[in-house]
Each structure stands twice: as C-alpha cells, then as structure tokens.
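Colleague: Could you walk me through the fold in this one? I'd like to talk about strands and helices.

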Amino acid sequence: MSKKSKEQVLLEQLQLYFHDKPKEWFTDVLRVELDEQQEEFLENVKVGCRICVKSSKGTGKTFLIAGLTLMFLFCYPDTNIRVISPSYDQLIDVFMRECNQHHKRMLPEIAAHIVVKYDKVVLKDDETQMAVCISAQSTKRERQSGVHAFTQVYLFDEGSGIPDSTFSNALGSLGTAHGGGYVIIVSNPERGSQPFYTDLFTKKPKGWNVMTFDAFHSKQTSPEFIEEIRELYGEDSDEWRVMIMGEFARSDGSTYIPMSLVEDASQRIVNQRDYISYPIVIGVDVGRSKSGDSTVFCVRQGCKVLDIYEFQTDDTMIIVSKLRDLYSSTQASVIYMDADGVGGPVADRCREVGLPVVDVRSSLPSSDPRQYANIRTQLWGEVREWLVTGSIPNHQGLQRELGTMTWGYSAKMAEQLTSKKRMTDNTGKKIPSPNTADALAYSLMDSALSMRRRRTKALPVIRRSWI
C-alpha cells in the first residue's frame, strides 16, 4: 500500500473539515464576508435540506449557490450537482461568472484542485466529478435528472421561472440519494411565477425551509439604491415590494408584465452568438397620423431587438417606402404587420411591391384559447416569456408601454389585455396606444401561432423558436 503524500493528507483533511461547515467554507475558503441573512441561509444547508428563498434585488442569491457549488464539488466525493435556471444565458452570464470570481479569491491550496470551465465546474484530478449547468428549457429529462450518485444536489437559480415539471423531475431522482440529497431554490418573487415556487411560500409544506431576503439586511444592496426605488415608485408600489422587500407583487395582478422584467431586459447584454443564427424579423404597427399615433418598425433577431424606428405620417405610401428601405438594409425574412384598421391597405400595398408581409389580426381567437382570449393577448404573452432572456434597447417609450399594460379575464376565464380604448392611468386619463410594444409583439407572431421548437447549431441548448 503506497504512502500518501503530505499534499494528499492535507487535501483529505480540508475535505473532511469543511464537509458540513458551509458558513466556514465561505468565510475561510472563499474569503468573503456574509450578512445575517446569508449566515442564516447557510446554517440550514444540511443533508436532506429543502430550502427556498425569495429575495429582493442584489442580495447575493447567485453568489450563494455558486459558492455552495464549489463546496459540494470539493468536499463531497461521488456527487451529482445540477444547477438549473430558466435560461442558458442566466447560467453562463451570471452563475458561471460568480463561480469564476469565487475561484479567483479562494484559498490557493483548494483552488488548484478545481477547474471552472465555460458551462461546468470540475475537479482537476477527476473530471467525472462535475457541476453541470442545465437550462430548464431542455427537453431532455435525463439532463435535468442527472445520473446516479451517492450525493445528489439540485440548485435552482431564478426558480420562479422554472416549470413545475422540472422540479418534479429533480425531486423524483432523489429517492436513492444519501439522506435525501440537497434541494435549494433561489429567486426574485416575480409576478407570473410558476405554481410550485409560489406554493412553497403559501402552503409552507413540512420539511421545507422558506426564507425571505430583503434589501435592508443585505450588505450587497446600497442605501442609495433603496432610496432610488423609494423615490421612483413609492413604498406602496409592487416594484418596492419585489425589488426591496423581497415580497410577491400584490395579488390583483393588474399589470401584465412586471416592470422588473422589463428593466432587466433593458440592461441585459447578450452575445452575438446567442442571436446571430436566427433570421431577422420586422414587426410593424401602423399609425396613420401626423400628430397622433406613430408608425413603428421593430427589428428583432432572436433574443435581441436590433433597432426601433418610429415616425408620424398620414401618407401610407411613405410608410411603404420607409419599410421597403428597411427591408432592403436588413434582409429580413418576414414582416408581421397589424392588418386591422388602417394597416390593412398598407399591408396590401407592401405585398404588391414585393415585401414578405404577413397580416396580424389581433382580435382573432388565440391558437391557445384556454389561456389567451385573442391573438393580441397571446402575442403579449409571448413578449412576457421572451423578456426573460431577451434584450431590448434603452427606449423609454417601449419600457413604459410594456410595464403599464393591464389585463383581466374573459368570460371563459382566459387572459385578456385591457382594450386600447379603455386604457387609463390612475387619474382616469387615457393612456396612448402602446405602438412600440405592439410592434415588438407582432415580431413574435410566428412563435404565437406555431409554438415550434428547433435546435440552433450555434448554441448548445434547445430553445423556443423566435422566428
């Protein structure tokens, strides 16, 4: 029997010491300071734990699960670690970045045995030991469920957007895990959250530890940010509840798309590789007026809005001419145009001059009538889903329109947007037509009708068709 080297002995001692000491792992190995919320969270990380956190903005949710990923990988031999998020972009751009930052500042003696790659973290001496990033959009259940291992770990980032089926796949694989494995869910409490996530906080099932992180007790949230949100929205707003208090928005659900989702999309930077393989699509909302509604062209490619053009004119031939010029410069694959009202003749003329225009008739029944009352609502539902990973320009009109659209239920209990004629603000003043947001919605017409999925060769994930 060969004698162990001093390095091997030290390594085993470190693994044993930090095996059940997550708080010490963060302070002594990762060399970071913790606030009281994070310390309480880590005290509950034990074998068989089930933890779910709803959190305000910027309290270090991903920071925690990234640090735990490195701990599980280093300290737990024969471990299956799955890190799951609604989108692959979230995992690569946020989670893996946190892993890299932890790796750079951790003890060199331990960092030398861990390798952080593009979409996974592995042990240097045994690359079969790894933590793998998985999008909840993956259609392969075995990727979400993982492989058999003595210790099973499931870490869900932005869990409010993960489908219930993904949670059930993960929980179903824990039957053979030592001590029941580990399940940890962290997220912002967005409106439209999936039922499994929200039910944990309303039902508080036995065995689950549900926690709330607020901005006031977070070392990572600045007082200036808290004051800014107070000034912008007020303490009685849903934005304050979600972004500062870590609470769900009020249950009336009057706003169809959460403003926080819109703001995140306006700040999101996407890599060209994430959208370059998708065709360019143009959505058009026609407004025939010199002083009223604008005509808007929205140019979108995959997960990115490339540009927005808006202008006012009562001459439909000018609209056709400008659209033809835009089509020539972008070589768009298709143009989806509002064909109700004044848009109908414009669409007809565009086809006469050879433009690939497809009519959008918002009042027609939805292709998913159980959920949406009409095509218009379904298109906005597609926008809401697209914004989770999409990127929009810093366009105040678009952001305001997306974040102020209200809704209710139809007679058949399907979602239905407030009609444009009935849209008013808190004072009863009529709100202008959301032309820019509608143009973006029209650009997603194909997804609303076909609901197809396809594999994109440029990306290692299966994702929703955005053509």
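Modeller: Bear in mind that this is a predicted model. A place to begin is Asp 157, which stands opposite Val 186 in E7.

Colleague: And how many bridges join E6 to E7, and do they run parallel or antiparallel?

Modeller: Strand E6, covering residues 151-157, is joined by five bridges to strand E7, residues 182-187, and the two run parallel.

Colleague: What's the strand order in the sheet?

Modeller: The sheet is open and has eight strands, ordered E3-E4-E5-E2-E6-E7-E1-E8, with mixed pairing. Its edges are strand E3 (114-116) and strand E8 (209-213), each of which pairs on one side only. On average, neighbouring strands of this sheet are turned by 15° against each other, if direction is ignored.

Colleague: Which strands does H8 lie across?

Modeller: Helix H8, residues 164-172, lies across E1, E2, E6 and E7, and runs at about 165° to E6. Helix H5 (residues 88-105), for its part, lies across E2, E3, E4, E5 and E6, running at about 140° to E5.

Colleague: Switching topic, how do H3 and H4 cross?

Modeller: The axes of helix H3 (residues 36-43) and helix H4 (residues 61-75) come within 11 Å and cross at roughly 40°, and the two helices are therefore oblique to each other. The crossing in which H3 passes H4 is right-handed.

Colleague: Which residues make that contact?

Modeller: On H3 the contact is made by Gln 38, Phe 41 and Leu 42, and on H4 by Phe 63, Leu 64 and Leu 68. Sorted by class, this contact of H3 with H4 has five nonpolar residues, one polar and no charged ones.

Methods
Residues are numbered from 1 along each chain as its sequence is written. This is a predicted model: local features need pLDDT of at least 70, side-chain atom pairs count only at pLDDT 80 or more; totals for chains, interfaces and linings use all residues. Side-chain values use heavy atoms; hydrogens and water are left out. Axes are lines fitted to C-alpha atoms, for helices over the stretch in contact, and angles run from 0 to 180 degrees between N-to-C directions. Helices (H or I, at least four residues) and strands (E, at least two) are DSSP runs, numbered from the N terminus. Angles under 35 degrees count as roughly parallel, over 145 as roughly antiparallel, 65 to 115 as roughly perpendicular and the rest as oblique. A crossing is left-handed if the near helix is turned anticlockwise from the far one by less than a right angle, and right-handed if clockwise. Contact means heavy atoms within 4.5 Å. Ala, Val, Leu, Ile, Met, Phe, Trp, Tyr, Cys and Pro count as nonpolar, Asp, Glu, Lys and Arg as charged, and the others, Gly among them, as polar. Two strands pair if DSSP finds at least two bridges between them.
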